[in-house]
Amino acid sequence: MSNQVNSIPYNPDKLRTMIEGGCTAREIMLELRISAFTLMEQLVMLQEIDRKIYITEGLFDDPEKEKATFRKAGIVFHKE
């Protein structure tokens, strides 16, 4: 087994600034290079620190719904 520790950096000040600046979840994930799941975890930690609720637009959006799809003869096609 490896002794390597995989750690995702957590920067509450930068996360707070981005949320208060009106950044969407997608923008935050791209800037911080984190997944949606990690963003949710870090958002919970930030809310515990600040004792405040933060609303982040697009955090619970389903990326599969964004894909344009259509059906033809029972087959689902995705537009790219």
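This is a predicted model: local features need pLDDT of at least 70, side-chain atom pairs count only at pLDDT 80 or more; totals for chains, interfaces and linings use all residues.
## Overall make-up

The chain holds four helices and two strands. Read from the N terminus, the order of its elements is α-α-α-α-β-β.

Of the 80 residues in the chain, 21% are buried. The accessible surface amounts to about 6800 Å², and carbon and sulfur atoms account for 53% of that area. When contacts between residues at least 6 apart in sequence are considered, 48% of them link residues at least 24 apart.

## Helix H3

Helix H3 covers residues 36-50, which makes 15 residues. From its first C-alpha to its last it reaches 21 Å, close to the 21 Å expected at 1.5 Å a residue. Just after H3 comes arginine 51, with a positive phi of about 55°.

The buried residues of this helix are Thr38, Leu39, Gln42, Leu43, Leu46 and Gln47. They pack against two other helices, H1 (12-20) and H2 (25-32). In an α-helix, residues three or four places apart point the same way, because there are 3.6 residues a turn.

## The nonpolar core

The largest nonpolar core has twelve residues: Leu15, Met18, Ile19, Ala25, Ile28, Met29, Ile34, Leu39, Leu43, Leu46, Tyr54 and Leu59. H1, H2 and H3 are the elements that give two or more residues to this core. In soluble globular proteins, nonpolar side chains tend to be buried together.

Leucine 46 belongs to this core and is also among the buried residues of H3. Apart from neighbours within four places in sequence, leucine 46 is in contact with Tyr10, Pro12, Leu15, Arg16, Ile19 and Tyr54.

Terms used
Residues are numbered from 1 along each chain as its sequence is written. Side-chain values use heavy atoms; hydrogens and water are left out. The expected span of a helix is 1.5 Å times one less than its number of residues. Buried means under 20% relative accessible area, exposed over 50%, partly exposed in between (1.4 Å probe, protein chains only). Contact means heavy atoms within 4.5 Å. Accessible areas come from the Shrake-Rupley method with a 1.4 Å probe; for residues, only the protein chains shown count as cover. A nonpolar core is a set of buried Ala, Val, Leu, Ile, Met, Phe, Trp, Tyr and Cys residues joined through side-chain atoms within 4.5 Å.
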